Amino acid sequence: MIDIRPFSSLGHANHGWLDAHHHFSFANYHDPKRMGWGRIRVWNDDTIGAQSGFPPHPHRDMEIVTYVRTGAITHQDSMGNKGRTGAGDVQVMSAGTGVTHAEYNLEDEATTLFQIWIETDKPSAPPSWGAMPFPKDSRDGAFQLLASGAAGDGVLTINADAKVLGATVKAGDSIGFDADPGRHLYLVPSGRVRVNGVAANPRDGIAITGEKKVEIEAEDDSELVLVDAR
């Protein structure tokens, strides 16, 4: 099953400094048919204005992945961590027993990012934070693993049975992904694509389950972000 969630159908809130589109129910946006996809609970498509951001706020028992599309985000938290994550790179925070963090765009331009929440498999674990650079040329024409619930994968670790992957594909080319039909995949492309023959537009959400193979044909040069979860 491949279900296209058009970008125009997403929840939307414009706070001035933050222009947010919600793939799933979040804050004041509530749709009982879009409460999550498998263990994926939140996928926010955010544009954060220059020199602005999220002031300190708490989280608990959630795996929070931030994929920066353009610009950069600067993180600081109650564990003493601080770091800047630039375009194409990823940071993860396991909220565990509780953590307070802030996310600021300290750049002189808007920052765009995906913030993805995955339900934890380890409630009340110690909180943690990490970030890694992922050069975009390393994912040309192939999915690159960015974060994983398997500690030995050599990427950012999350406390969930899930994988976060990224790829870039040129117009006219295609890319494949071997899927487990029992799992839940969610894909967001930056350009027009066809997924197993089904057309999707830029920033649409593509919910996939029951498929053994996912073939993505790019009609535009596209950046792909994919989460594979229970």
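Student: How many nonpolar, polar and charged residues are in the lining of the largest pocket?
Tutor: The lining has 9 nonpolar, 8 polar and 2 charged residues. Here Ala, Val, Leu, Ile, Met, Phe, Trp, Tyr, Cys and Pro count as nonpolar, Asp, Glu, Lys and Arg as charged, and the others, Gly among them, as polar. This is a predicted model, where local features need pLDDT of at least 70, side-chain atom pairs count only at pLDDT 80 or more, and totals for chains, interfaces and linings use all residues. Residues are numbered from 1 along each chain as its sequence is written, and side-chain values use heavy atoms, with hydrogens and water left out.

Student: Which strand gives the largest share of that lining?
Tutor: β5 does, with 4 residues. Strands are DSSP runs of E, at least two residues long, numbered from the N terminus.

Student: Changing topic. Which residues touch the most other members of the largest nonpolar core?
Tutor: Among them are Ile-40, Trp-43, Val-90 and Tyr-186, in a core of 26 residues. A nonpolar core is a set of buried Ala, Val, Leu, Ile, Met, Phe, Trp, Tyr and Cys residues joined through side-chain atoms within 4.5 Å. A second, separate core has 20 residues, including Phe-143 and Val-214.

Student: What is Trp-43 in contact with?
Tutor: Leaving aside neighbours within four places in sequence, its contacts include His-22, Phe-114, Tyr-186 and Val-227. Contact means heavy atoms within 4.5 Å.

Student: And His-101, where does it lie?
Tutor: In strand β10, residues 99-105.

Student: Why does His-101 count as buried?
Tutor: Because its relative accessibility is 2%. Buried means under 20% relative accessible area, exposed over 50%, and partly exposed in between, with a 1.4 Å probe and protein chains only.

Student: What does its side chain join up with in a polar contact?
Tutor: The side chain of Glu-103, at 2.8 Å. A polar contact is a pair of N or O atoms within 3.5 Å; within protein, one must be able to donate a hydrogen and the other to accept it, and residues adjacent in sequence count only if both atoms are side-chain atoms.

Student: Last one, Gly-36. Where is it found?
Tutor: Gly-36 is in the loop between β3 and β4. It counts as partly exposed because its relative accessibility is 22%.

Student: What does Gly-36 touch?
Tutor: Phe-24 and Arg-41, not counting residues up to four places away in sequence.
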